[in-house]
Amino acid sequence: MKYSLLKKSAACLLAAALSFAVSGCASPRQASDNCASPSPSLDDLYKIEKVNEIRDKIIGRETVESDYYLYYIPDSQLADMVKEYNKLTAEMTYYFNRMSIGICAALLNIEDTTNPPSYAHAALPKEVHEMEARMTHLALYENCDELYRTDPLFMEHLTIEAGGSYGMWAYRMHDNLDAGAQQTLTKYFELIEQLTSALSGYALSLSE
């Protein structure tokens, strides 16, 4: 009798298992897979990659090519923000480049060929132009003081000039601006913060 009861229980368990399998829910994992949201399409994955590239260009203070925001950002308001970022980047790059040329001329004890602008400046050694370009680029970041003090290209000059007036140049890149430039720079930093956040949100929406 004991064998009969065991046989009957086994048959019941087998029937229950077959019924569960037929229902399409053979396991909790399978049920979870069946209910999972669809993955982003290949087109969306490509757009996400391009949107992230735009964000990285902005973080790197690069100008964003028009094809990027025309083809990969259908939101006109977001695209306009990228256009405004490009405009302000160009304005502030020009402004800080003029400052950098004069500062480098003083640091390196070379004739200031920018007052008035002269073709002689173009003939200066490549190293001078590299220093000017680096100084200009770092000025586009809010924490440029720390960037200058830890950049190998400027550390020696800052140390040598520590006791002189030009030893303070790194700390004054954002302090000695005229009112118009200061207003533009403040707007620039605020726009970058808003834009990088908006682009990250847009990329996330494409992945959902």
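Asp56 is found in helix H3, where helices (H or I, at least four residues) and strands (E, at least two) are DSSP runs numbered from the N terminus. The model is predicted, so local features need pLDDT of at least 70 and side-chain atom pairs count only at pLDDT 80 or more, while totals for chains, interfaces and linings use all residues. Residues are numbered from 1 along each chain as its sequence is written, and side-chain values use heavy atoms, with hydrogens and water left out.

With a relative accessible area of 41%, Asp56 is partly exposed; buried means under 20% relative accessible area, exposed over 50%, and partly exposed in between (1.4 Å probe, protein chains only). The side chains of Asp56 and Arg55 are joined by a polar contact of 3.5 Å. Such a contact is a pair of N or O atoms within 3.5 Å; within protein, one must be able to donate a hydrogen and the other to accept it, and residues adjacent in sequence count only if both atoms are side-chain atoms. Asp56 also lies 8.5 Å from Thr196, C-alpha to C-alpha, although 140 residues separate the two in sequence.

Lys57 is found in helix H3 too, and at 13% relative accessibility Lys57 counts as buried. The Lys57 side chain makes a polar contact of 3.3 Å with the side chain of Glu65. Leaving aside neighbours within four places in sequence, Lys57 is in contact (heavy atoms within 4.5 Å) with Glu62, Thr63, Val64, Glu65, Tyr68 and Tyr85. Tyr68 belongs, with Tyr46 and Tyr72, to one aromatic cluster.

The loop between helix H3 (42-59) and helix H4 (66-72) holds Arg61. Most residues other than glycine have a negative phi. The phi of Arg61, by contrast, is positive, near 60 degrees. Arg61 counts as buried because its relative accessibility is 12%.

Turning to the overall fold, the protein has 10 helices and 0 strands, and reads along the sequence as α-α-α-α-α-α-α-α-α-α. Of its 208 residues, 32% count as buried. Among contacts with a separation of 6 or more, 59% come from residues 24 or more positions apart. The protein exposes about 13,200 Å², of which carbon and sulfur atoms supply 57%; these areas come from the Shrake-Rupley method with a 1.4 Å probe, and for residues only the protein chains shown count as cover.

Two of the helices can be checked against their expected spans, each taken as 1.5 Å times one less than the number of residues. For H5, the 32 residues should span 46 Å at 1.5 Å a residue, and the end C-alpha atoms are 45 Å apart, which agrees. At the start of H5, a side-chain oxygen of Asp75 reaches to within 2.9 Å of the backbone nitrogen of Gln77. After H5 comes Asn109, with a positive phi near 55 degrees. H10 has 29 residues and reaches 43 Å from first C-alpha to last, close to the expected 42 Å. At the start of H10, a side-chain oxygen of Asp178 comes to within 3.1 Å of the backbone nitrogen of Gly180.

The interior can be described through its nonpolar core, a set of buried Ala, Val, Leu, Ile, Met, Phe, Trp, Tyr and Cys residues joined through side-chain atoms within 4.5 Å. The largest such core has 44 residues, of which Met135, Tyr148, Trp169 and Met173 touch the most other members. At least two residues of this core come from each of H3, H4, helix H5 (76-107), helix H6 (126-138), helix H7 (144-150), helix H8 (152-160), helix H9 (169-172) and helix H10 (179-207). Setting aside neighbours within four places in sequence, Trp169 is in contact with Ile103, Leu107, Met135, Tyr148, Phe154 and Leu158.

The structure holds 6 aromatic pairs. Rings of Phe, Tyr and Trp (its six-membered ring) pair if their centres lie within 6.5 Å; planes under 30 degrees apart count as stacked, over 60 as edge-to-face and the rest as tilted. Tyr95 and Phe96 form an edge-to-face pair, 5.8 Å centre to centre with 85 degrees between the planes. Tyr95 is partly exposed at 23% relative accessible area, whereas Phe96 is buried at 0%. Tyr148 and Phe154 are likewise edge-to-face, with 5.5 Å between centres and 90 degrees between planes. Tyr148 is buried, with a relative accessible area of 0%, and Phe154 is buried, also with 0%.
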